[in-house]
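Hi everyone, thanks for making time for this. I'd like to walk you through one protein chain, so let me put it up on the screen.

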Amino acid sequence: MFKIAIEGGNLNLLFVCDKNELSGVKKIADKVRKDVQRITGLEPEIVNSAEENHPQVLFGTLGVSPLIEKELDSSIAEKIRGKREVYAFLVKDSKIIIAGSDKRGTIYGLFHLSELMGISPFVDWADILPQHQESLELENTEFISKEPSVKYRGFFINDEWPACGNWCNHNFGGFNAKMYEHVFELLLRLKGNYLWPAMWAARFSDDGPGLANAELADELGVIMGASHHEPCC
């Protein structure tokens, strides 16, 4: 049984990843750490090496993270290696091991932990907050996700004016990376991977400002579509 608990005013949980892990995966791990804070009131620390007999979440991407290659049983690693958007999720007493076959696989595995903790995929987008708890328990388990049967899954932001456009301008100053980070987070929490962006007066690829929108999509593993007027300039 894996237990997350506040002990003596401190949270008994660490997040662990290799220093070489992909930056987009680390960004999503920060969001899951915030999910823990939403529940317990305390945010777990993130470190680069495992600690024995300490509750910890070890996460990483095969082929990128030497740490996760070391921690994950080779027979399980071979079940996900080379697959598309697949993750292994293992709970073993004081460790949760999350290993992705690729970037999105690791991200989906991290958000799977949020779901098990009772976090709604709409926690950020619609402010659906969880009930405060002093402790959480997860039973020992071994789970390997399936490859998605639908290759591209996501949103089309259509007819975005006036509601979405006014909201973006008021809160973020436009259809920029600050706004799209929230869209990408919702998309990935829902196990999506594809976004067809706003199109009326927005140009996703250079409204970021600059290339920030496109760079963020690439970092987080979101596949972008494009409207007719964008590739035609």
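Before we talk about charge, a quick convention: Lys and Arg count as positive, Asp and Glu count as negative, and His and the chain ends are not counted. On that basis the protein chain carries 24 positive and 34 negative side chains, with the centres of the two sets 3 Å apart. Please keep in mind that this is a predicted model.

Now the overall picture. The protein chain contains 7 helices and 12 strands. Its C-alpha trace spans about 55 × 40 × 30 Å along the principal axes. How does the radius of gyration fit a compact globule? For 233 residues one would look for a value near 17 Å, and the chain has 19 Å, which agrees. As for the surface, the chain exposes about 11,200 Å², and carbon and sulfur atoms supply 51% of that.

Let's go inside. Of the 233 residues, 48% count as buried. If you take contacts between residues at least 6 apart in sequence, 72% of them join residues at least 24 apart. The largest nonpolar core has 48 residues, and Ile-96, Leu-113, Tyr-180 and Phe-184 have the most contacts inside it. Helix H6, residues 177–189, gives the most to this core, with 7 residues. A second, separate core has 16 residues, including Leu-14, Leu-58, Val-86 and Ala-99.

What does Leu-113 touch, leaving aside residues up to four places away in sequence? Its partners are Phe-15, Val-32, Val-57, Phe-89, Ile-96, Ile-98 and Leu-138.

Pro-162 sits in the loop between strand E10 and helix H5. Another cis bond runs from Gly-208 to Pro-209, where omega is near -5 degrees. Pro-209 belongs to the loop between strand E11 and helix H7.

Glu-85 has a phi of about 60 degrees, and its loop lies between helix H3 and strand E6. Is Glu-85 buried or exposed? Its relative accessibility is 2%, so Glu-85 counts as buried. Lys-191 has a phi of about 65 degrees and is found in the loop between H6 and E11. Because its relative accessibility is 21%, Lys-191 counts as partly exposed.

Last stop: Glu-52, in the loop between strands E4 and E5. With 63% relative accessibility, Glu-52 counts as exposed. Glu-52 and Lys-95 are 43 residues apart in sequence, and their C-alpha atoms are 9.3 Å apart in space.

Definitions and conventions:
Residues numbered from 1 in each chain as written. Predicted model: local features only at pLDDT ≥ 70, side-chain atom pairs only at ≥ 80, totals over all residues. Heavy atoms only, no water. Helix = DSSP H or I, 4+ residues; strand = E, 2+ residues; numbered from the N terminus. Rg over C-alpha atoms; globule rule 2.2 N^0.38 Å. Buried < 20%, exposed > 50% of the residue type's maximum accessible area, 1.4 Å probe, protein only. Contact = heavy atoms within 4.5 Å. Areas by Shrake-Rupley, 256 points an atom, 1.4 Å probe, with all protein chains shown as cover. Charge placed at Lys NZ, Arg CZ, Asp CG, Glu CD. Core = buried A, V, L, I, M, F, W, Y, C linked by side-chain atoms within 4.5 Å.
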